[in-house]
Amino acid sequence: MKASPVSIEPASTPKAFGAEEPVVLRSQDARGVVTLTLNRPQAFNALSEAIAEDQSVRVVVLGAEGKAFSAGHDLKEMRAAPSLDYYQRLFAQCSKMMLAVQRLPVPVIARVQGIATAAGCQLVAMCDLAVASRTAKFAVSGVKFGLFCSAPGVALSRNILRKAAFEMLVTGEFINAEEAKVRGLINRVAEPEQLDAEVDKLVASIISKGELGIAAAYEAASQTMACNMMDEAALEGVQAFTEKRPPRWPQSAE
């Protein structure tokens, strides 16, 4: 991925997941675009807190290396030492990571270069925007292994229509990038060699519009509404509503 990095920070797998290995690389360019490249997503939480506090960050691009964007949970790891407590902690950690993506105060773009299944598809759905390679495929395939994808279904059903989401959940079948775009799971499809360019085009469009972080946006919107409330028409409209009578609009508002 092209990010013109000025800083790169590796993160490591928590010891609970085995030997330490790089799991996330973070790079940031002069525009304030942070690119996170995932190997294993468990370390995202710590990075998300740092990103949320960094006022220079304007956009986050979330991508991955290899053939898959994310295949979800490691099934071999999940089966190695089965216990209710372990599974509760595992899925709670995953949910916390998904919410961290959504709660970042800047837009998060999924750069999907390969398959995204189960929790990987969930991660795409949790991002604000998504650009996928034409060769990418999407599925919530847990049902094929006897495990219904309940948690991925939460994000999926908030991105696409109910019947389309239910079909994916109960069949576990893959859909291609074009179909994912039609259903509303992703925003743009690009040829594999043009994926970075398409992501950068979207990033540039966001930055050129001067999109505010969510806190700053609410502050600006609140100020606008406060000023609007002082308009004569707004004051009369609210007063009429509280008195349960037709409004007597000022002449200039008719």
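Is Phe148 buried, partly exposed or exposed, and what is its relative accessibility? I looked it up in this predicted model: Phe148 comes out at 41% relative accessibility, so I noted it as partly exposed. I found Phe148 in the loop between β9 (137-139) and α5 (150-156). Together with Val143, Phe166 and Val170, Phe148 makes a nonpolar surface patch of about 340 Å².

Next, helix α3. I checked the length of α3 (residues 84-103): its 20 residues should span 28 Å at 1.5 Å a residue, and the end C-alpha atoms are 28 Å apart, which agrees. I listed its buried residues as Tyr86, Leu90, Cys94, Met97, Met98, Ala100 and Val101. Down the axis of α3 these fall within an arc of 155°, so they line one face of the helix. On the face turned away from that side I found the exposed residues Leu84, Arg89, Lys96 and Arg103.

Then salt bridges; I got a count of 12. Asp85 pairs with Arg89, with the closest N and O atoms 3.1 Å apart. The two sit four residues apart in α3, so about one helical turn separates them. Asp85 is partly exposed at 47%.

I also looked at Arg111 and Asp196, whose closest N and O atoms are 2.8 Å apart in a salt bridge. This pair links distant parts of the chain, strand β6 (residues 108-112) and helix α8 (residues 195-208), 85 residues apart. Arg111 is buried at 10% relative accessibility, while Asp196 is partly exposed at 23%.

Technical notes:
Residues are numbered from 1 along each chain as its sequence is written. This is a predicted model: local features need pLDDT of at least 70, side-chain atom pairs count only at pLDDT 80 or more; totals for chains, interfaces and linings use all residues. Side-chain values use heavy atoms; hydrogens and water are left out. Patches are made of residues with over 30% relative accessible area and no salt bridge: like charges are joined within 9 Å, nonpolar side chains (Val, Leu, Ile, Met, Phe, Trp, Tyr) within 5 Å. Accessible areas come from the Shrake-Rupley method with a 1.4 Å probe; for residues, only the protein chains shown count as cover. A salt bridge is a side-chain nitrogen of Lys or Arg within 4 Å of a carboxyl oxygen of Asp or Glu. Buried means under 20% relative accessible area, exposed over 50%, partly exposed in between (1.4 Å probe, protein chains only). The expected span of a helix is 1.5 Å times one less than its number of residues. The arc is that of the directions from the helix axis to the C-beta atoms.
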